[in-house]
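Please consult the sequence and structure shown here alongside the text.

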Amino acid sequence: MSLLLPDVVALAIMLALTIYALMGGADFGGGVWDLFARGPRAEAQRRLIADALTPIWEANHVWLVFVIVVLFTCFPPAFARLAIVLHVPLALMLVGIVLRGAAFTFRAYDPGGDVVQRRWGRVFSVASVVTPVLLGIVVGAVASERVVPPSGSFADGYIRPWLTPFALSVGALALALFAFLAAVYLTLETTDASLADDFRRRALLAGAAVAAAALLALAFSGEAAPRVRAGLTTDAWAVPLHLNALAAYAVTLWALWRRRFTLARLGAGAVTVLVLWGWALAQYPYLVPPDLDIASAAAPPIVLKLVLIAVLCGGLILIPSLWYLFRVFKRAPARETTG
Amino acid sequence: MGASPDPSFVSDLLAARAQMGFSLAFHIVFAVAGIGLPLLMVLAEWHWLATRDEAALDLAKRWAKGAAILFAVGAVSGTVLSFELGLLWPRFMAGAGAIIGMPFSLEGFAFFTEAIFLGIFLYGRDRISPRAHLAAGAVVAVSGAASAIFVVIVNAWMNAPAGFRLVGGRITDIDPIAAMLNPAAFSQCLHMTIAAYAATGFAVAGIHAGLLLRNPGSAFHRHALRIALLVGVPAALLQPLSGDLSARFVARAQPVKLAAMEGQFATEAGAPLRIGGWPDAAARTTRFAIEIPDGLSLLAYHDPHAVVRGLDDVPRDDWPPVWPVHVSFQVMVGLGTLMALAAAAVIVQTLRRRAVAASRPLLWALTLLTPAGFLAVEAGWMVTEIGRQPWIIQGVLRTRDAVTPMPGLVVPFTGITLLYVLLGAVTLWLLARQVAATS
């Protein structure tokens, strides 16, 4: 049983990362569509995105903090390795996270008028594009087994591990996926049919980009990430996973086409989950391949047990709270009172 | 460690320390406001529910706007810190992560709860009942304080490490519960929590006192002043007591830090308390201080003849930078004393059944003390962090052995500094606009 414990914690981290992609990822995607707001309803599009994000983005953001904290508590050597080798993309990602969150809030509370608000809006939306790319690059670098103890020059140790075509293609995939999620979710956030249609078109476009980026990543993976590539093509679960992912993808596009937006939301979520878990399964049991696996990087069992207990107890508070948050803001229309 | 270190390593270590220090100094302002401001807005809202006084509702809404801006910047700057622990000190996290990650995990949940219910409090007023809305605010206030306590527990562990054994340089027998219950945890958490209420209470009271000087009749500002003082005054009066507890703990657990705080170079019985002064580390003496005979022995050990260990007791390599610690400590204690005196004056005024707003000298004093609590918090963190050097974990791991091997750390330090200067300026400007809209 104690052998299984690290796996359970790794599973919890992966679950949190998945929820972060589904929730926080879509918030970044919202920023992407803020940048590409076009046409006669551009301002209405921006307002819809802002209204959808405002009450929930901070709660969605905490999933990332949760991932980091449980990672450094339960798998300290893996966290230390990532932090040393991927310092540059992680630091840039932090800048993106800070600017996205701060600019979004400043835009809402800045009484400085249209010009100033537009400037903050630009910072918010550009940061929303850059941050997912960096997050994808980090994942791509890990999958390509290049996060190893640094040696040689600065470029060899701290740049080459992540500045690769494969890692960049995973960055593009993350961006496309988050934009796809956001566009699909936004079709359900409005009662205005033409506004919903704007985001339906964007969702279809982003859906095509997801497919293109996924194929690109797959093409680069042969050389760059042989272990993940092998897992994704030859393991027993590989064919069912791909079939399910393809089915979910096809259903989402069909549902978008037929304006079945609730079904599309479920489908887009399923696509994201399957992409993420395909990577995780292919890389299992490695946290940071080629050398740090779940068992060897794990903290002593007492630490893992206590963290799991904390996660379970915390979940008892957290899940009803999150349910309440989303029920308040994503179901009931606001009562017609002022102030 | 006999060989003289490579100069580029020295500058990298300095850049890493500067970046961490600057990130902490920036974040602590938002963390403190994130503890104090929710309590103020909940008190105002509670008052409105009880009396239906519209001014109180207006107040709750305005403070909530301030809380929204401060919380957003606090959330992202806190995320930066959680990453920086690894980006700058990976060898610290590789060793300490398992021992002391537990309170960070709990803090994660507290932060989560705070973010969820702040969203509900800020944007859900028209969607839920007034009671549910007040309860959401109360959850924000409680979880904000809880998350601060969990993080301070980690810092306390760095000062008084517990919950593991070192065998031949390797960490064994990890006990995360014992690490959380480390001996510094209680005094440090108490001191920081009270500090957060005192700093926020006095900052808000000071702002409204200043506005009352210009506009003495405003019921809105009188209201705000009362609620802010209700939080700030008890905290400022309790803080010297909790400071005494902290100082006596530091005297026993970190005598070198205490010696630096007090500018005490020689070990002596009946050590004097030095007020002000400039410690000269080269000459090993503190000049220009007002000395109160036996004062330090009395305060640190509650015995005028107690022996206080001086910096001379340990090798020069184990000294923290003396003057920054001593000066920061003087600043913290000085500001805390002024705040306690102002709090006492508020109590006297109230006992004489007069409104605080009726006394212009008191309004002036409160106005001048607006930033005092926040400055004291910054100075206090300087004392505890610089005072622990050269250790990152007291007596276990040196800061220089914890830093990342990545060179060129001056680049991220410069970047984060510029980013935070910009964010700080914008935040201040936005808050000033919010305040200006009230008068």
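The model is predicted. Two packed helices are described by the angle between their axes and the distance between the axes.

**Helix packing in chain A**

- Helix 10 of chain A, spanning residues 226-234, packs against helix 12 of chain A, spanning residues 261-283, at an angle of about 110°, and the two axes are 8 Å apart.
- Because angles of 65 to 115 degrees count as roughly perpendicular, helix 10 of chain A is classed as roughly perpendicular to helix 12 of chain A.
- Helix 10 of chain A contributes A:Arg227, A:Val228, A:Gly231 and A:Leu232 to the contact, where they meet A:Gly278, A:Trp279, A:Leu281, A:Ala282 and A:Gln283 of helix 12 of chain A.
- Sorted by class, the residues in this contact between helix 10 and helix 12 of chain A are five nonpolar, three polar and one charged.

**Helix packing in chain B**

- In chain B, helix 6 (residues 185-214) and helix 7 (residues 219-253) have axes that come within 6 Å and cross at roughly 150°.
- Since angles over 145 degrees count as roughly antiparallel, helix 6 of chain B is described as roughly antiparallel to helix 7 of chain B.
- The crossing of helix 6 and helix 7 of chain B is left-handed.
- The contact of helix 6 with helix 7 in chain B has 21 nonpolar, twelve polar and one charged residues.

**Cis peptide bonds in chain A**

- A cis peptide bond, with omega near 0°, leads from A:Tyr284 to A:Pro285; A:Pro285 belongs to the loop between helix 12 and strand 1 (286-288) of chain A.
- The peptide bond from A:Pro289 to A:Pro290 is likewise cis, with omega near 10°, and A:Pro290 is located in the loop between strand 1 and strand 2 (292-293) of chain A.

- A:Arg259 is not a glycine, yet its phi is positive, at about 60°.
- A:Arg259 is placed in the loop between helix 11 (238-257) and helix 12 of chain A.
- With 13 other C-beta atoms within 10 Å, A:Arg259 is partly exposed.
- B:His302, a residue other than glycine, has a positive phi near 55°.
- B:His302 occupies the loop between helix 9 (295-301) and strand 8 (307-308) of chain B.
- B:His302 is exposed because it has 10 other C-beta atoms within 10 Å, and a residue with 12 or fewer counts as exposed.

Technical notes: Residues numbered from 1 in each chain as written. Chains lettered and ligands numbered in written order. Predicted model: local features only at pLDDT ≥ 70, side-chain atom pairs only at ≥ 80, totals over all residues. Axes fitted to C-alpha atoms, helices over the stretch in contact; angles between N-to-C directions. Helix = DSSP H or I, 4+ residues; strand = E, 2+ residues; numbered from the N terminus. Parallel < 35°, antiparallel > 145°, perpendicular 65-115°, else oblique. Contact = placed C-beta atoms within 7 Å. Nonpolar A, V, L, I, M, F, W, Y, C, P; charged D, E, K, R; others polar. Left-handed = near helix turned anticlockwise from the far one by under 90°. Buried ≥ 20, exposed ≤ 12 C-beta atoms within 10 Å, placed from the backbone.
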